[in-house]
Amino acid sequence: MSWSVFGAFALVNFVAASSGGLFKPGQWYERLNKPNWIPPNWAFPTVWSVLFLLNAVAGSLAWEATGGGAASKDLAPFIVYGVSLGLNFLWSALFFGLKRMNFALGEVALLWLSLVAQIAVFAPLSPIAAFLGVPYLAWVTIAAFLNLRMIQLNNPSEAAAV
């Protein structure tokens, strides 16, 4: 794997991950009712760091399998990849920034679908790249159920005002 290709994919993953720093949970989130199965706070940045790293490796492997994306004239897998990263960035803005858990739930469903699509379009290019997307999909599945449970435990319209 080329370090320059990996570096480019790491950079776009870092940009997506930066939404977690731009839109922090804060006091609003701390006051919300949470399910008893919520992961500890330290788990979120730890797990996301690993997932973004795996995603950067997956993107690099898929890119190199195409001979460099543009060279193959099939950018569709990388458009799907970019959409998933954009959706990942948007979730933090909706949930923590706007405090709209209901919008974030709809958005995380789109993120989940985009990750399924990413795995599917990477599979013919690089089975390893596709496999590296599975933990990301699993974590987003947990996040979606957590988002849903937070809505159930907190009135979304009142929670935004807390």
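The legends below describe close-up views of a predicted model.

**View 1. Helix α6 and its buried residues.** Helix α6 covers residues 101–122, which is 22 residues. From its first C-alpha to its last, the helix reaches 31 Å, close to the 32 Å expected at 1.5 Å a residue. Its buried residues are Met 101, Ala 104, Glu 107, Val 108, Leu 111, Ser 114, Leu 115, Gln 118, Ile 119 and Phe 122. Seen down the axis of α6, these buried residues fall within an arc of 140 degrees, so they line one face of the helix.

**View 2. The aromatic pair of Tyr 29 and Phe 96.** The structure holds 18 aromatic pairs. In the pair of Tyr 29 and Phe 96, the ring centres are 5.4 Å apart and the planes stand at 80 degrees; with over 60 degrees counting as edge-to-face, the pair is therefore edge-to-face. Tyr 29 belongs to helix α3 (residues 26–31) and Phe 96 to helix α5 (residues 76–97), so the pair ties together parts that are 67 residues apart in sequence. Both Tyr 29 and Phe 96 are buried.

**View 3. An aromatic cluster that includes Phe 122.** Phe 9, Trp 63, Phe 78, Tyr 81 and Phe 122 form one cluster of aromatic residues. Phe 122 is also among the buried residues of α6.

**View 4. A nonpolar surface patch.** Phe 145 lies in helix α8, which spans residues 134–153. The relative accessible area of Phe 145 is 52%, and with exposed defined as over 50%, Phe 145 is therefore exposed.

Definitions and conventions: Residues are numbered from 1 along each chain as its sequence is written. This is a predicted model: local features need pLDDT of at least 70, side-chain atom pairs count only at pLDDT 80 or more; totals for chains, interfaces and linings use all residues. Side-chain values use heavy atoms; hydrogens and water are left out. Patches are made of residues with over 30% relative accessible area and no salt bridge: like charges are joined within 9 Å, nonpolar side chains (Val, Leu, Ile, Met, Phe, Trp, Tyr) within 5 Å. Accessible areas come from the Shrake-Rupley method with a 1.4 Å probe; for residues, only the protein chains shown count as cover. A salt bridge is a side-chain nitrogen of Lys or Arg within 4 Å of a carboxyl oxygen of Asp or Glu. Helices (H or I, at least four residues) and strands (E, at least two) are DSSP runs, numbered from the N terminus. Buried means under 20% relative accessible area, exposed over 50%, partly exposed in between (1.4 Å probe, protein chains only). The expected span of a helix is 1.5 Å times one less than its number of residues. The arc is that of the directions from the helix axis to the C-beta atoms. Rings of Phe, Tyr and Trp (its six-membered ring) pair if their centres lie within 6.5 Å; planes under 30 degrees apart count as stacked, over 60 as edge-to-face and the rest as tilted.
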